[in-house]
Amino acid sequence: MAQPYPYTYYSCDCYDAKTTAGAAKRASAQLQAEDEDERTFDPRNPRSNFSLYPLEHLLYCEDCQQIRCPRCVIEEVLNWFCPSCLFEVPSSLVKSDGNRCTRNCYNCPICTSPMTVSSLDDPTNPSESGGPWILACPYCHWSTAETGIEFEKHTGITQQLSKVANGGKPIPTPKEREKERERRKELENRKSRDILSGSEDSPTQDQRRGDASPNLDDIYLNLAAFYKTQLVAQAPSNLFSPHDINFSSPSSYSRIMNLYSSTTSKKQRQKKAAPMREAALELEGLMIHDPSSDAAAIERIKKEGWGSTLSPAQKRAQPNPNIRFDTELRPVASLLMTKRGKRCRSCRHILSKPESKITSTRYKIKLLALQHIPRLSLRALTPTPPPGAPAATPFDYNALRSGIPAHFILHVSNPIFDPIRVTLATSSTTPGKVASRVTILCPQFEVGANTDVWDDALSSSLTPVKRASMLGPDGMPQIEAGKIWDRGRNWTSVVIEVVPGFLKDPLKKEDEELGEDEDVLEIPVFVRLEFESDVSAEDRGLGDSLGKKGERERREEAFWTVIGVGKIAPM
């Protein structure tokens with residue numbers, strides 16, 4: 001296990017609730033045939049790995065009165081904010097602008113550290129604006145000056161960065177891209193007419209393309225324009241659908257007229273529209289692979305080495321996934337973070353809700369399981385040496401001796417403000433290939449309420465608490481069955497006797513191979529709680545809440561826990 005021995009895991013029953021309808025019927029029939037208290041929990045079952053959690057990782061639903069694990073809750077986003085500038089972003093802007101900060105918050109593409117705006121102004125000849133400005137990383141000292149990007153102002157970095165390409169070349173605006181697309185489309189149409197007419201004065205491929213190849217923005221705009229024209233040309237699938245009506249489309253107008261025209265035949269009315277075709281030209285958004293770019297990249301790797309290429313993490317963080325070398329890197333805008341609330345998946349009750357203020361780390365509502373469920377902890381019962389004798393060696397939980405009884409103290413603490421009656425149950429032998437014997441000497445006991453600490457101090461000064469089982473003259477504990485070991489204000493300790501099993505069966509000639517963690521001694525314990533608590537206003541009802549204000553009700557809760565004692569040492 002990840003944590004040292006001993007440990008305690010709590011089981012959530014949601015892992016076995018999501019079954020098919022047939023399996024659920026068969027399971028319900030089996031549950032009716034056998035008593036629920038007689039069913040045992042097997043911590044070595046593969047499905048049990050999805051239900052065991054430490055108590056600190058669990059929430060509690062007061063309406064369902066059940067433990068809630070991370071799989072039992074529903075998360076909802078309360079607000080979005082930038083972790084660098086702590087600026088709250090409306091959800092509408094997140095949908096339109098993306099999950100990135102649109103201010104001056106950028107991370108280094110090399111080491112992902114936050115970048116700062118620095119000035120390149122010459123001290124001997126300062127400028128009026130104090131620029132030019134760059135984004136620099138204070139950790140690895142990478143800056144946008146390495147890719148030839150400089151800014152005129154120290155504010156509005158996002159707007160300036162969207163207009164400058166690597167090397168300082170300006171990026172055309174969307175209107176300029178649209179004009180260039182229309183111009184190239186006109187050249188394509190003119191070439192087609194010239195070929196049909198037999199003219200030889202048609203532009204060549206190099207004249208039409210120009211020096212620069214289209215980037216991702218051009219390809220996206222071409223695709224958007226192409227599919228927009230295709231959608232307008234096609235008839236809607238459902239004429240009266242709210243999202244499919246387009247009265248400006250000639251095909252839609254023609255279809256409406258055909259529905260109410262008596263001269264149109266039935267076959268013409270049911271005639272299906274032609275299927276939409278895909279992009280077939282570069283002007284329509286088709287991205288043509290250029291083999292020369294791969295050859296140039298191979299030659300560059302041979303010359304500069306593998307270190308000039310990007311790592312997979314750096315490539316995924318870049319907005320353009322087609323870049324390959326570090327000279328093509330651009331600053332990455334900071335990802336937005338969210339504050340999330342949690343609700344119960346069954347009743348939608350709020351389990352956790354942080355404060356809306358960005359700088360606050362407090363919670364308005366947080367129903368933790370450790371505030372409603374008793375905590376179980378285990379420790380070895382070691383003998384107390386007599387005065388003057390050397391201290392005893394600490395108990396080794398990683399070397400439990402097979403066949404030798406060992407006693408442990410199970411400590412149960414009560415976090416609620418009402419006294420509870422606890423009933424512990426476990427099978428006589430642990431499940432698995434290595435069967436160990438387990439005996440709880442006092443399975444039923446009471447635990448006091450979690451009252452004020454001063455009440456415990458005053459009561460202990462008047463009537464001191466005495467341990468029910470004392471140590472003998474030889475330092476060994478004198479344990480009595482049916483009696484608790486110790487008791488405090490809101491806690492009670494009982495003794496568990498464990499006889500570790502044998503890793504190798506002496507009666508068998510051939511040793512059976514043990515699986516992973518088969519030598520780990522885990523005890524499944526069924527915990528049942530009985531207590532009385534005040535009836536809430538919701539349960540009483542608003543009408544008679546004043547008449548029955550002091551009413552109390554009896555409640556029962558039950559859950560499974562797994563106590564990891566240690567490892568059995570080989571003989």
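**Figure 1. Strands E19 and E20 form a hairpin with three residues between them.** Two bridges join E19 (residues 486-487) to E20, and the two run antiparallel. Strands are DSSP runs of E with at least two residues, helices are runs of H or I with at least four, and both are numbered from the N terminus. Two strands count as paired if DSSP finds at least two bridges between them. Arg-487 has Thr-492 as its bridge partner in E20. The model is predicted: local features need pLDDT of at least 70, side-chain atom pairs count only at pLDDT 80 or more, and totals for chains, interfaces and linings use all residues. Residues are numbered from 1 along each chain as its sequence is written, and side-chain values use heavy atoms, with hydrogens and water left out.

**Figure 2. Strand E20 and its other partners, E15 and E17.** E20 covers residues 491-499, and seven of its nine residues are buried, so the strand is largely enclosed by the rest of the structure. Buried means under 20% relative accessible area, exposed over 50%, and partly exposed in between (1.4 Å probe, protein chains only). Strand E15 (residues 406-413) pairs with E20 in the antiparallel sense over eight bridges. Ser-413 has Trp-491 as its bridge partner in E20. Strand E17 (residues 437-440) is joined to E20 by four bridges, again antiparallel. Here Arg-437 has Val-499 as its bridge partner.

**Figure 3. An open sheet of six strands.** The order is E2-E1-E22-E21-E16-E18, with antiparallel pairing. Strands E2 (52-53) and E18 (444-447) are the edges, each pairing on one side only. Strand E1 (residues 7-11) pairs with strand E22 (residues 552-567) over four bridges, in the antiparallel sense. Tyr-7 stands opposite Gly-564 in E22.

Figure 4. The structure holds eight aromatic pairs. Rings of Phe, Tyr and Trp (its six-membered ring) pair if their centres lie within 6.5 Å; planes under 30 degrees apart count as stacked, over 60 as edge-to-face and the rest as tilted. Tyr-7 and Tyr-9 have ring centres 5.0 Å apart and planes at 40°, so this pair is tilted. Tyr-7 is buried, with a relative accessible area of 2%. Tyr-9 is buried too, with 12%. Tyr-10 and Phe-559 also form a tilted pair, 5.8 Å centre to centre and 35° between the planes. This pair links distant parts of the chain: Tyr-10 lies in E1 and Phe-559 in E22, 549 residues apart. Both Tyr-10 and Phe-559 are buried. Ring pairs also link Tyr-5, Tyr-7 and Tyr-9 into a cluster. A cis peptide bond joins Tyr-5 and Pro-6, with omega about -10°. Pro-6 sits in the segment before E1.

**Figure 5. Phe-445 in the largest nonpolar core.** A nonpolar core is a set of buried Ala, Val, Leu, Ile, Met, Phe, Trp, Tyr and Cys residues joined through side-chain atoms within 4.5 Å. Of the 55 residues in this core, Ile-373, Phe-408, Leu-410, Val-422, Leu-424, Phe-445 and Val-527 touch the most other members. Strand E21 (residues 520-534) gives the most to the core, with eight residues. Leaving out residues up to four places away in sequence, the contacts of Phe-445 include Val-412, Ile-420, Ile-484 and Val-494. Contact means heavy atoms within 4.5 Å. Another core, of 16 residues, lies apart; Ile-149, Phe-151, Leu-161 and Leu-310 are among them.

Figure 6. Most residues other than glycine have a negative phi. His-141 lies in the loop between strand E9 (133-136) and helix H3 (157-161). At 62% relative accessibility, His-141 is exposed. Arg-348 lies in the loop between strand E11 (337-344) and strand E12 (350-354). At 48%, Arg-348 is partly exposed.

Figure 7. pLDDT is the predictor's confidence in each residue, from 0 to 100. The protein has a mean pLDDT of 79, and 75% of its residues reach 70 or more. Over residues 200-213 the pLDDT stays under 50, and the model has eleven contacts for them beyond four places in sequence. Residues 542-547 are also below 50, with two contacts beyond near neighbours in sequence. Where pLDDT is low, the predicted coordinates should not be read in detail.
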